[in-house]
Amino acid sequence: MTTYTKKRILVIFTGGTVAGNVAKSKVSQNIKSDPNSFMAILENSVDIVKKNWHIEISPSISELFNVDSSNIQPENWTILVEEIQNKYDDYDAFIILHGTNTMGYTAAALTFALGNINKPVILTGAQVPLGYLGTDSVTNLVNSLRMAVWGYHEIKGVMAVFGSKIITGARVKKGTDFDYDPFKAFQTGALGDIGRFMRINESAMKKHVSYLSKYKALAIQSRVLDVKNNFDTKSIASLTEFPGMSVDIFRSLVENNNIKAFVFRSFGAGDPSSHLFPAFKYLKKKKIPIIVTTQAPSGISNFQVNETGQYLREHDLAIPAYDMSIEAMTVKMAWLLAQKTKYEDIKQKMIEDMHGEITLENELI
């Protein structure tokens, strides 16, 4: 008699392209999908997994909201985390159907909010909606299911499964609106690849899992789940530098808009124009943190390459982003602000590798 391992999977529906939240077009259908459409997709796969892997899957679905992911707000992240927390003891894994535009932000938010989660939380979606010609929604959902019940490696924590890539939550980066493989692991390798076979990068996966018990023991039950699910994004200004940028814009945003932190995309390796130094000094005096990244798509901000970046470092005027993505650094800053973290502590925490979001080894000697 065959013995089956039982797995309970909760599919959380949030909308996005996968559900048909796309603009009308003369060359494609205009089809909306409801949560039950995705449950029907899973039926055949559940049978195959039971036959080949001896795993008996019981899937359920929860519709939290149905929005275009461009309209995702921090309040949606909070709702998502609460849903996982409330259902934590009832399910073995969670799959989140999400739009692609803000998937990187949501993945980072869940990563920081669920510090010691002991189960897989997998985000996926589609470039082409369910019901459209050429849809990739079926493949992505089924691959996420495969990942959720995979028994050959330790799989837990927040990650994205999309196209052929498996990516840790703090590194999810969208690079195109066209390809079936739109996401990459920003500045690092993926946790693995998924196609006909699954190839897990064992060292990367072990490192991913190790962060989950860095601050607290892994949560066996919901009562010990380390949840911090508030994000103060409204207090952050995100700016891109350009030649001749006004030095007064920083003071204006602080004094007129109550901005409490800045994300700044500068030149080079985090090398702003020297005419902006008075703004950096003003922010330091006001104890308002500013993290400086680079506009180069594959660049690293370390304040060690050019004179203006070195000036920021020598005078402790800004936080270098190193190889953090714009999504991770923005969400992390918002998460720290929501916890009323003090200025000096924010400066330290932003360059602390909490969940694989930053690699300090990129620092030069």
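**Briefing: sheet, helices and ring contacts**

Eight strands make up an open sheet of mixed pairing, in the order β2-β1-β3-β4-β5-β6-β9-β10. The edge strands are β2 (55–67) and β10 (198–200), each of which pairs on one side only. Direction ignored, neighbouring strands of this sheet are turned by 20° against each other on average. The model is predicted. The points below cover the sheet, its helices, the aromatic rings and a few single residues.

**Pairing in the sheet**

- Strands of a sheet pair through backbone hydrogen bonds, and the pairing is either parallel or antiparallel.
- Strand β6 (residues 165–168) pairs with strand β9 (residues 192–194) in the antiparallel sense, over two bridges.
- Lysine 165 has aspartate 193, in β9, as its bridge partner.

**Helices across the strands**

- Helix α2 (residues 74–87) lies across β1 (5–15), β2, β3 (93–97) and β4 (120–124). The direction of α2 is at about 150° to β2.
- Helix α3 (residues 103–113) lies across β3, β4 and β5 (157–162). The direction of α3 is at about 170° to β4.

**Aromatic pairs**

- The whole structure holds eleven aromatic pairs.
- In one of them, the ring centres of phenylalanine 264 and phenylalanine 280 are 6.1 Å apart and the ring planes are at 75°. Planes over 60 degrees apart count as edge-to-face, so this pair is edge-to-face.
- Phenylalanine 264 belongs to strand β12 (residues 261–266), and phenylalanine 280 belongs to helix α7 (residues 277–286). The pair therefore ties together parts that are 16 residues apart in sequence.
- Phenylalanine 264 has 0% relative accessibility and counts as buried. Phenylalanine 280 is buried as well, with a relative accessible area of 1%.
- Phe250, Phe262, Phe264 and Phe280 are linked into a cluster by ring pairs.

**Charges over rings**

- Lysine 119 has its charged end over the ring of tyrosine 88, 4.3 Å from the ring centre.
- Lysine 173 lies over the face of phenylalanine 186, and the distance to the ring centre is 5.5 Å.

**Helix α9**

- How far apart are the end C-alpha atoms of helix α9 (residues 326–338)? They are 18 Å apart. At 1.5 Å a residue, the 13 residues of α9 should span 18 Å, so the two values agree.
- Is α9 largely enclosed or largely open to the outside? Twelve of its 13 residues are buried, so α9 is largely enclosed by the rest of the structure.
- The buried residues of α9 include Glu327, Lys332 and Trp335.
- Lysine 340 follows α9 and has a positive phi, near 60°.

**Two single residues**

- Glutamine 73 is placed in the loop between β2 and α2. Its relative accessibility is 39%, so glutamine 73 counts as partly exposed.
- Glutamine 73 and tyrosine 105 are 32 residues apart in sequence, and their C-alpha atoms are 9.9 Å apart in space.
- Serine 45 is part of helix α1 (residues 35–53). Buried means under 20% relative accessible area; serine 45 has 11%, so it is buried.
- Leaving out residues up to four places away in sequence, serine 45 touches Val142 and Leu145.

How values were computed: Residues are numbered from 1 along each chain as its sequence is written. This is a predicted model: local features need pLDDT of at least 70, side-chain atom pairs count only at pLDDT 80 or more; totals for chains, interfaces and linings use all residues. Side-chain values use heavy atoms; hydrogens and water are left out. Rings of Phe, Tyr and Trp (its six-membered ring) pair if their centres lie within 6.5 Å; planes under 30 degrees apart count as stacked, over 60 as edge-to-face and the rest as tilted. Helices (H or I, at least four residues) and strands (E, at least two) are DSSP runs, numbered from the N terminus. Buried means under 20% relative accessible area, exposed over 50%, partly exposed in between (1.4 Å probe, protein chains only). A charge sits over a ring if NZ of Lys or CZ of Arg is within 6 Å of the ring centre and within 35 degrees of the ring normal. Two strands pair if DSSP finds at least two bridges between them. Axes are lines fitted to C-alpha atoms, for helices over the stretch in contact, and angles run from 0 to 180 degrees between N-to-C directions. Contact means heavy atoms within 4.5 Å. The expected span of a helix is 1.5 Å times one less than its number of residues.
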